[in-house]
Amino acid sequence: QVVPPVEALLNKECSMDDIYKIATYDFDWKIVGRRLLLDEQKINDIDREGSSEQDKRVKMLLKWKETKSCGATYQALMKVLREIGNNATADRVQELEQQGWRVESSL
């Protein structure tokens, strides 16, 4: 099994595929969005669009990825989820990150 360097793990950006998977997990998207430093107006806009909670999580995560660019990392998201006590979701995000490394290293 290939183990990536620590700095590579810390800087690995969330993939688009994983953004959609993560959005299926249960977490308070507004709190996470605020902790990821999304603008309050953007959060309110997403909320007003009146879609499902999963759709709102997708939109929030996509907006985060768009605004943070290279800062939209698995580690940043896991840190926020752990800070708000959502360790189960953080663990699932970590599993996605590790699966990505296994796939990349087998190519």
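Student: Buried means under 20% relative accessible area, exposed means over 50%, and partly exposed is in between. With that in hand, is K56 buried or exposed?

Tutor: This is a predicted model, so what I say describes the prediction. In it, K56 has a relative accessible area of 7%, and because the limit for buried is 20%, K56 counts as buried.

Student: Which helix does K56 lie in?

Tutor: K56 is part of helix α5, which has 16 residues. From its first C-alpha to its last, α5 reaches 22 Å, which is close to the 22 Å expected at 1.5 Å a residue.

Student: What does K56 touch, apart from its neighbours within four places in sequence?

Tutor: Once those neighbours are left aside, K56 is in contact with W29, I46, D47, G50 and S51. With one of these, D47, there is also a polar contact from side chain to side chain, at 2.9 Å. As for D28, it is 28 residues away from K56 along the chain, and the two C-alpha atoms are separated by 10.0 Å.

Student: Which other residues of α5 are buried?

Tutor: Besides K56, the buried residues of α5 are R57, V58, M60, L61, W64 and K65.

Student: And what covers them?

Tutor: The cover over the buried residues of α5 includes α2, α3, α4 and α6.

Student: Which residues touch the most other members of the largest nonpolar core?

Tutor: Those are F27, M60, L61 and L77, in a core of 25 residues. The elements that give it two or more residues are α2, α3, α4, α5, α6 and α7, and α6 gives the most, with five residues.

Student: Take L61, then. What does L61 touch, not counting residues up to four places away in sequence?

Tutor: With those residues not counted, L61 touches I19, I22, A23, F27 and L77.

Student: How many aromatic pairs turn up in a search of the whole structure?

Tutor: The search of the whole structure finds zero aromatic pairs.

Student: New topic, the loops. Where is T24, and is it buried or partly exposed?

Tutor: T24 sits in the loop between α2 and α3, and its relative accessible area of 43% makes it partly exposed. A polar atom of the T24 side chain lies 2.5 Å from the backbone oxygen of K21. Leaving aside neighbours within four places in sequence, T24 is in contact with Q54 and R57. Along the chain T24 and Q54 are 30 residues apart, while their C-alpha atoms are separated by 5.9 Å.

Student: What about T73, which loop is that in?

Tutor: T73 is found in the loop between α5 and α6. Its relative accessibility is 7%, so T73 counts as buried. A polar atom of the T73 side chain lies 3.0 Å from the backbone nitrogen of A76.

Student: And L37, is that one buried or exposed?

Tutor: L37 is exposed, with a relative accessible area of 65%, and its place is in the loop between α3 and α4. Its phi is near 70°, a positive value in a residue other than glycine.

Student: Last one, K42. Where is K42 placed, and what is it in contact with, its neighbours within four places left aside?

Tutor: K42 is in helix α4, and with those neighbours in sequence left aside it is in contact with K63 and T67. At 30% relative accessibility, K42 counts as partly exposed. From K42 to K59 the C-alpha distance is 9.7 Å, and these two are 17 residues apart in sequence.

Key:
Residues numbered from 1 in each chain as written. Predicted model: local features only at pLDDT ≥ 70, side-chain atom pairs only at ≥ 80, totals over all residues. Heavy atoms only, no water. Core = buried A, V, L, I, M, F, W, Y, C linked by side-chain atoms within 4.5 Å. Buried < 20%, exposed > 50% of the residue type's maximum accessible area, 1.4 Å probe, protein only. Helix = DSSP H or I, 4+ residues; strand = E, 2+ residues; numbered from the N terminus. Contact = heavy atoms within 4.5 Å. Phe/Tyr/Trp six-rings, centres within 6.5 Å; stacked < 30°, edge-to-face > 60°. Polar contact = N/O pair within 3.5 Å; in protein donor to acceptor, adjacent residues only side chain to side chain. Expected span 1.5 Å × (residues − 1).
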